Amino acid sequence: MPRSESNSTPSREGRPGAATADGLDPARFRDSIPHGIDSWYPVLRGGPAPVLFADTSELRAVQRLARGWAELPEGGRVILQGGLRQRGRVDLDELAAALERGGSAERFVVFLGPGGVATLLPTADRAAFRGGAALLGRGGRTRPGLLEGLGLLTPFGLTGRNDRKELTIWTKGGSRDGRDDLTVLPVEGSVAVIASAPDRNQKIIVRAQDRRGAARAILKIGFNQRSDDAIERETRAIEAVSKLCPGRAPELIAASERAGRSWMAQEFLEGPNGGLRITNLHANMLEELAGAGRRDLPLREIDAFQAAVRRLEGLDPGFDPDWHDAYRTLASALTDATDDAKLPVHAAHGDFVPWNLAVHEGRLRAFDWEHSELRAPALHDLVHFHVQTGALASEIPGEQVFDELRSLFAGPGGRVVRALGIDGEDVLRLVSLHVLQMGVTSEVVERLRPAPLIESVRLRRVRLALCVRLAGLLAERRLPEWCLVSGRAAA
């Protein structure tokens, strides 16, 4: 692992206090900085975090920013959102001239997505913008007409086109020469950034591009202690998987700490995502994972089951009594139906879905390993893929997701079952354990959100429908048709 990169930037908790009403004392600025820029920008570019933010639509924003800029020391940073060329705004012209004379700028167009996710695309030139636009669509697809609709990408004046805003990070001093950039960034390149939903798990994903706009690395940067921990966890996971299943995870380029935040850089994976159905390419990878660290354990010793039961007991039943009763019934039925039988656990990706996969030269690879486990219940990745694509990509109801388990196990997914050498009863138990684990874990997370996301609502409904059906089957000791696809007869 490379040595830690650092600079003199204080942590988020250590920055100066609140700004004065007239914004004249930069030593006490503490503006609310959007999209976590005060966390990730010093990691990428070195130097201090921005301390001032202004939107040109706000009253007195321009005057406040101009005064703050005048008092900032060399290297100080501010953020301006909006256009600088608006008819009838002489103060904007004056500010533009002052900023251009006294500093350097890095500009982005901001695209807001569901749940507050923001994508920042660089506007240095067309190559940078077109490269970054790959972040806007799953599998690298850009929405039709997007690039043309944004015009010539002039340095100023993007505001208002297609309801997008331009965001400029200004650094006081000479032109930016890149000498303080993170060493893994391409020379004279650009960055495109995804700032995930602004909550306790927020993380930053950076596409590091060369001067032609081609991706050279994907970086992840912590926003808070929780996402710092997630990045460190994913770093360890990639190192472990690279030994267990070589070539299935991206190569880890570097990982360290800078400006008080954890960061990692990994290989950019090329290729399409492989589609919304399990194919032989998917089955090949899942079989490899199934053979990595395989153990057979009693249900009570499986970490996923223990955690699900503990979390379920910690949730308030009064929040949604029907939901709580359904999952409590599933946990009880699973316990009774398993008895002393042992179930296989092994390495798993943890979030095995099309948007985390890439096919290149006839081989499937996966990124985003932060949820991986070395002792995950068998079939976790397979069933997760099926439920997620059904609920989110196809938007079908839970009953249909349940019925389509037949196609899942009758197709290449059945290869994974046969490779494990388990019978139909084990298939039912493992599918039930997956729904219990994911349903309860997601409920804990979602109850902490200020408002539910539509995607989370869909998943909750689908899992609840599966929960009810599976609990009934377990209680009746009855196997559905999709459980009868393994190479062994049911007990």
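This is a predicted model: local features need pLDDT of at least 70, side-chain atom pairs count only at pLDDT 80 or more; totals for chains, interfaces and linings use all residues.
Let me start with two strands, β3, which covers residues 103–112, and β4, which covers residues 118–122, because these two pair in the antiparallel sense over five bridges, where pairing requires that DSSP finds at least two bridges between the strands. Within this pair, Val110 has Leu120 of β4 as its bridge partner.

Residues are numbered from 1 along each chain as its sequence is written, and side-chain values use heavy atoms, with hydrogens and water left out.

Now to the sheet around that pair. Ten strands form an open sheet, and its order is β1-β2-β5-β3-β4-β6-β7-β8-β10-β9, with mixed pairing. At the edges we find β1 (52–55) and β9 (252–258), each of which pairs on one side only. If direction is ignored, neighbouring strands of this sheet are turned against each other by 20° on average. Helix α2, residues 61–71, packs on the sheet and touches β1, β2 (77–81), β3 and β5 (165–172), and its direction makes about 155° with that of β1. Here the axes are lines fitted to C-alpha atoms, for helices over the stretch in contact, and the angles run from 0 to 180 degrees between N-to-C directions, while contact means heavy atoms within 4.5 Å. Another helix, α6 (residues 225–244), lies across β7 (203–209), β8 (215–222), β9 and β10 (261–266), and runs at about 35° to β10.

For comparison, most residues other than glycine have a negative phi. Is Ala259 buried or exposed? Ala259 counts as buried because its relative accessibility is 11%, and buried means under 20% relative accessible area, exposed over 50%, and partly exposed in between, with a 1.4 Å probe and protein chains only. Arg477, in the segment after α15 (454–476), also has a positive phi, of about 50°, although it is not a glycine. Arg477, however, counts as exposed, at 55% relative accessibility.

Four bridges join β11 to β12, residues 342–348, and Arg295 has Val345 of β12 as its bridge partner. Gln437 belongs to helix α14 and counts as buried at 18% relative accessibility. Leaving aside neighbours within four places in sequence, Gln437 is in contact with Ala304, Ala308, Pro377 and His380.

Next come the cores, where a nonpolar core is a set of buried Ala, Val, Leu, Ile, Met, Phe, Trp, Tyr and Cys residues joined through side-chain atoms within 4.5 Å. Which residues touch the most other members of the largest nonpolar core? Among the 77 residues of that core, they are Trp369, Leu379, Phe409, Val427, Leu436, Leu470 and Trp482. Leu470, with neighbours within four places in sequence left aside, is in contact with Leu330, Phe402, Leu428, Val431, Ser432, Val435 and Trp482. There is also a second, separate core of 29 residues, which includes Val110, Leu185, Val206 and Leu219.

To finish with the chain as a whole, there are 15 helices and 15 strands, and 53% of the 491 residues count as buried. The structure holds zero disulfides, a disulfide being a pair of cysteine sulfur atoms within 2.5 Å.
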